[in-house]
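Biologist: Could you walk me through this model? I would like to start with the metal site and then move on to the charged pairs.

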Amino acid sequence: MAVREKYSAALYMRLSKDDSGFGESASISSQRKILRRYALENGFCVHKEYVDDGISGLTFNRPGFKRMIQDIENKQINLVITKDLSRLGRNYIMTGRYTEFYFPSKKVRCIAVNDNYDSDDLYSDMVPFRNVINEMYARDTSRKIRSALLARMQEGAFMGAHAPYGYERDAGDKHHLVVDEVTGTIVKGIFQKAAAGVLPIQIARELNECKIPTPSEYRCMSNPSLRIENFSKRREWTSATIIKILRNPVYLGHMAQRKTSKLSFKCPAAISLPASDWIIVENTHAPLVTNLTFELAARRSRQRTCIQGNGFNNLFSGIARCGDCGRRMSAVSSRKKGAEANLACGAYKQKGTRGCSNHFIAYDDLYEVVLCRIQSLMRRCGFSEPEKLTQDLLFHLVDHIEICQGHFGKTPSGRVKFQTIKIFFRFRPPE
Ligand SMILES: [Zn+2]
């Protein structure tokens, strides 16, 4: 007995979802019972209990475990008792590092009651093997959890930790999304603006000016247990935030999940998957936008046009196309005095004559032509004051414009003559 009294024991307990299925036998209280009885029967003096509840054995970043290591460093413990070795960890390399190197180097004895393991026992060669089995078990569990998760995703159940911005979890069914009245309205506004040609960066600026909380700020506001530092560094709306929203099919009422994938079951780092690999289930919840608005917003926001210093904003972005090659016309600077810009064939701009020919048109000229055409149409349809047509409305009317303009042929005045301009109309009602 005298020999044993020199021990100051740590009782280490851990429980996580890898252990579900073991029921009560794995619970913390049953682990505690086993360990206390063992210490008592063997006359070990218990220094402290260390508990990690709900933490996987694949990580060693566990508060209870770390406290125990600290107490080992402070020489308060020289014996660690656990129910089995898998309580220490399910990662074979890391667990081995503790049982094979760390504990011996600190002269800490280690006992796993149910595994009949005792580091003082000369015949403990089974340990590395047991650690491998424990890891295989964790790998298998991780696979099972994963395939169950994928199956639920394929059914369209929402399996994320936090509802996407604009939605909240249904109080009656946490795998179902319902519209969050506050943020739902903001999402609708973002789509409307983007569909009307407002660039993501401008939308972000407006939201910042109005002091609208960002998605992560809002999430943390409505859930006080979350800490904003864990979600965002920049506490402001950015064009990236807006574009992410505009690309998310969740706002069409479709569930899009598995957008990232873990590198391995041992490593929490995740990589983004291409949209083609997402699991998308349609019509799982109420949409916030129509297909038309979504499509239009996507098309307009895809443009990489930047607003120039003079505030020029290409209203035809995503609408005007080259009549020859069908590529988008993009804004280029104009040498003409007082002119804002030219629109030029995107293919020519990128690849020169290998792409297309040098089709271009003065922005103001195009604007004038489109406006006149719409006004005359409106007049014909009986509108009394088509001049009051707003820019906003104009872009609900024009679907696309095909421009094919002569780089061959100028009028005597030197002005480039339009060969063809086709304007296609389709009324897109604002939501
Ligand atoms: Zn072209």
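Predicted model: local features only at pLDDT ≥ 70, side-chain atom pairs only at ≥ 80, totals over all residues.

Biologist: Which protein atoms are the donors of the zinc ion?

Modeller: The zinc ion takes its protein donors from four cysteines, namely the SG atoms of Cys322, Cys325, Cys345 and Cys356, and these lie 2.3 to 2.4 Å from the ion. Along the chain, the donors follow the spacing C-x2-C-x19-C-x10-C. Within that set, Cys322 belongs to strand E12 (residues 320-322) and Cys345 to strand E14 (residues 342-345), a pair 23 residues apart that links distant parts of the chain.

Biologist: And why is the arrangement tetrahedral?

Modeller: The arrangement is tetrahedral because the four donor atoms around the zinc ion subtend angles of 96 to 117°, and the criterion for four donors is that all angles lie between 85 and 135 degrees. For reference, the ideal angle for four tetrahedral donors is 109.5 degrees.

Biologist: Is Cys322 buried or exposed?

Modeller: Cys322 counts as buried, because its relative accessibility is 2%.

Biologist: Switching topic, how many salt bridges are there?

Modeller: The count comes to ten salt bridges. One of them joins Glu49 to Arg32, whose closest N and O atoms are 2.9 Å apart. That pair links distant parts of the chain, since Glu49 sits in strand E2 (residues 45-53) while Arg32 sits in helix H1 (residues 28-42), 17 residues apart.

Biologist: What about the accessibility of Glu49 and Arg32?

Modeller: Glu49 has a relative accessible area of 25%, so it is partly exposed, and Arg32 is partly exposed as well, with a value of 24%.

Biologist: What does Lys48 pair with?

Modeller: The side chain of Lys48 meets that of Asp71 in a salt bridge, at 3.4 Å from N to O. Here again distant parts of the chain are linked, with Lys48 in strand E2 and Asp71 in helix H2 (residues 63-73), 23 residues apart. Lys48 is partly exposed, with a relative accessible area of 39%, whereas Asp71 is buried at 7%.

Biologist: Which residue forms a salt bridge with Arg87?

Modeller: Arg87 forms a salt bridge with Asp84, with 3.2 Å between the closest N and O atoms. Arg87 is buried, given its relative accessible area of 3%, and Asp84 also counts as buried, at 12% relative accessibility.

Biologist: Which residues are joined into one network?

Modeller: Salt bridges with shared partners join Arg32, Arg36 and Glu49 into one network.

Methods:
Residues numbered from 1 in each chain as written. Heavy atoms only, no water. Donors = N, O, S within 2.8 Å, 3.2 Å for Na, K, Ca; no water. Tetrahedral: all angles 85-135°; square planar, octahedral: opposite > 155°, others 65-115°. Helix = DSSP H or I, 4+ residues; strand = E, 2+ residues; numbered from the N terminus. Buried < 20%, exposed > 50% of the residue type's maximum accessible area, 1.4 Å probe, protein only. Salt bridge = Lys/Arg side-chain N within 4 Å of Asp/Glu carboxyl O.
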